[in-house]
Amino acid sequence: MGNPNSGKSSLFNALTGLNQKVGNFPGVTVDKKTGNTQLTEQLAATIIDLPGTYSLYPKRGDEWVTYKVLMEQDTDVKVDMLVLLADAANLKRNLLFVSQIIDLKIPVVVALTMMDLARQKGIEIDIEGLERELGVPVVVVNPRKNKGIPQLKKAMAATATHQYRIPSRDFITNKELAPQAVDAVKEEIAGLSDYKAIHYLINHEHFQLSPAEQDLIEGKEKAFNFNPTKTQAEEILQRYARIKGIMQQTVVEPDPLHKSLFTEKLDKLLLHRVWGYIILLSVLFLLFQSVFLIAQYPMDAIEWTFGYLGSWLSSVLPQTWWSDLLTNGILAGLSGILVFVPQIMILFGLITLLEDTGYMARISFLTDKLMRKVGLNGKSVMPMISAFACAVPAIMTARNIENTKERLLTILVTPLMSCSARLPVYTILIGLVIPSKKLLGFISLQGLVMMGLYLLGIVLAMLISYIAKWFIKIKEKSFFILELPMYRAPRWKNVGTTMVQKAKIFVVDAGKVIMVISLLLWALSSYGPADRMSNVEKQYAALKASQPANVDELEREENSEKLANSYAGILGKSIEPVIRPLGYDWKIGIALITSFAAREVFVGTMATLYSVGDDDSGLLLREKMQQAKKADGQPVYTLATGISLMVFYLLAMQCMSTLAVVKRETRSWKWPAIQLAYMTGLAYVMSLLAYQLFS
């Protein structure tokens with residue numbers, strides 16, 4: 001454990017290697033990374049990476065996780081000893097937390113990190129003197145270069161086997177802060193140190209205590225006029241007074257007018273009020289170009305593999321319901337899950353690179369002011385940016401937002417960003433209804449429409465967040481505490497581990513729901529009322545017998561007719577009156593239903609409905625859609641219908657995997673239900689307006 005940006009993740013990775021697993025702390029969606037390491041031949045350890053915190057006075061959700069572990073209020077995590085990281089380049093601030101941990105009387109080893117940076121700043125530290133003053137072992141480590149790890153393991157083993165003893169003296173005289181109240185609580189609850197007793201007085205309402213114990217502590221507070229704020233302030237003053245003395249004894253610091261470091265010079269450019277935003281936009285442009293460019297090859301390979309496997313199975317298996325279920329249900333469902341894995345891995349890999357180098361914190365800093373005006377904060381930016389690739393990993397990154405309300409708002413509006421799954425829909429519809437013209441001789445009209453769709457999603461996300469912030473009644477103070485880390489070279493091993501972990505989480509957790517709904521959609525599309533399906537089969541059996549030369553074409557038409565008479569087709573016909581004001585027919589209605597699994601399914605559904613073969617399907621599909629007529633002879637795909645449909649796919653929640661992840665992240669079906677309702681309603685209203693405007 002330690003302050004944020006003190007090197008915890010680096011040390012955790014150095015100690016555990018790839019022997020890691022990721023879960024959640026009980027009751028909260030905060031990552032719990034655990035791993036194993038061998039301290040000596042006889043002694044193994046399970047390492048848990050606790051969320052970073054600046055002191056034992058928590059303000060954010062992740063800080064409460066760490067706090068409850070230290071207060072022995074987490075039934076899932078029992079601490080034998082602590083490895084407490086302290087940043088040598090910011091030692092005074094870090095020693096506050098160190099001193100609080102020492103007074104909890106938990107066995108602790110201090111791992112001193114960033115010594116190379118401290119030397120660059122001209123800071124010299126007497127390690128032996130610091131160890132003597134604190135009364136606990138202090139080991140210098142550089143986990144990024146794997147230095148000091150054997151020495152740290154040795155100190156951990158010695159502490160675990162009680163060769164190092166917990167300091168008998170408190171860092172400060174905690175009991176004098178509230179002597180009567182401390183004694184009273186220690187009499188009632190055995191095994192508390194003076195300092196832990198103070199925390200029981202301050203935060204007992206958050207602890208797992210019996211009603212009788214809660215009432216008893218509350219009574220002691222009132223009886224002895226215990227003032228939490230005054231006690232905390234006095235404690236911090238006393239700790240810093242003692243830390244000042246330790247620093248004078250053990251640390252040599254340079255003149256404060258020292259020459260600025262490279263990091264400080266670089267920040268003047270990257271955080272500039274003008275150049276900072278230009279550089280940010282350039283970085284994000286390169287990020288998305290990389291995601292789309294690099295992910296395209298493995299995605300195509302996965303699609304080709306599943307397509308080839310499906311064709312091969314269809315050719316070797318008998319034509320029965322179970323073979324259809326295998327190829328068009330299970331196999332299609334797996335394809336819908338695994339095809340997103342390259343994007344998720346590449347996106348998280350690139351984001352990890354930005355985090356590792358220290359630039360991610362700068363993005364949040366730059367955009368915080370704008371985001372706060374609509375109820376979000378600077379940390380909302382990366383989930384929203386990530387959603388241009390895929391909303392699923394984007395919503396997972398919203399965990400970094402500490403404030404519950406701001407995190408919920410971010411999750412609610414993130415799917416309004418145009419993800420890559422919408423691109424096939426945009427591409428075919430723009431090609432259908434937008435003329436291929438050049439403005440000013442070089443600006444593509446079709447390109448402008450595409451950009452407009454992306455911008456519309458951003459603007460509406462901001463607007464929805466501004467409105468929703470008045471309805472979410474969570475009273476929680478928003479703290480945007482952000483320490484700008486030093487710029488560093490990325491750790492490629494860490495990038496690889498993160499990519500694998502995120503892909504695994506997506507496949508295992510969201511994949512379960514995707515598979516269930518994919519199978520449900522297969523059943524709805526494959527079966528219908530027996531009399532209807534029988535009539536279709538009889539009709540086309542007669543046609544095939546009379547037109548043997550057109551068997552292939554008739555089979556495609558038969559499949560299309562069966563889909564129209566399937567339960568999904570009946571549902572499409574039943575919702576046609578509702579979607580007719582938007583300019584849609586029943587076939588588009590079926591596509592709206594089937595593409596709930598994934599938006600790009602729209603193109604495949606259209607191909608089936610219009611009986612198009614596989615050869616050059618993009619061109620043939622566009623031609624067939626251009627020729628499609630309504631009952632009155634009017635074209636189905638007019639400018640108004642095309643724009644209305646693009647707006648619908650931009651705004652509607654046509655992605656079950658996103659809903660599955662929102663449920664997982666919020667631990668409730670309430671928020672996915674709200675998200676589905678408001679996005680569907682917004683999509684309908686905006687599509688209706690678009691259709692009326694362009695008709």
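This is a predicted model: local features need pLDDT of at least 70, side-chain atom pairs count only at pLDDT 80 or more; totals for chains, interfaces and linings use all residues.
Residues are numbered from 1 along each chain as its sequence is written, and side-chain values use heavy atoms, with hydrogens and water left out.

**Overall**

The protein has 30 helices and 10 strands. Both are DSSP runs numbered from the N terminus: helices are H or I with at least four residues, strands are E with at least two. Of the 695 residues, 52% are buried. Buried means under 20% relative accessible area, exposed means over 50%, and partly exposed lies in between (1.4 Å probe, protein chains only). The accessible surface comes to about 33,100 Å², by the Shrake-Rupley method with a 1.4 Å probe; for residues, only the protein chains shown count as cover. Carbon and sulfur atoms hold 59% of that surface.

**Two helices**

The expected span of a helix is 1.5 Å times one less than its number of residues.

| Helix | Residues | End-to-end C-alpha span | Expected span |
|---|---|---|---|
| α3 | 91-103 (13 residues) | 18 Å | 18 Å |

The buried residues of α20 include Leu453, Gly457, Leu460, Ala461 and Ile464. Their cover includes α15, α16, α18, α19, α28 and α30.

**Cores**

In soluble globular proteins, nonpolar side chains tend to be buried together. A nonpolar core is a set of buried Ala, Val, Leu, Ile, Met, Phe, Trp, Tyr and Cys residues joined through side-chain atoms within 4.5 Å. The largest one here has 90 residues. Leu416, Leu429, Phe602, Tyr637 and Leu645 have the most contacts inside it. A second, separate core has 60 residues, including Leu82, Ile198, Phe226 and Val251.

Contact means heavy atoms within 4.5 Å. Leaving aside neighbours within four places in sequence, Leu416 touches residues including Gly457, Leu460, Ala461, Ile464, Tyr678 and Leu682.

**Leu688**

Leu688 is found in α30, residues 670-694. Its relative accessible area is 29%, so Leu688 is partly exposed. Beyond neighbours within four places in sequence, Leu688 is in contact with Pro581 and Leu582. Arg580 is 108 residues from Leu688 in sequence, yet their C-alpha atoms are 9.7 Å apart.
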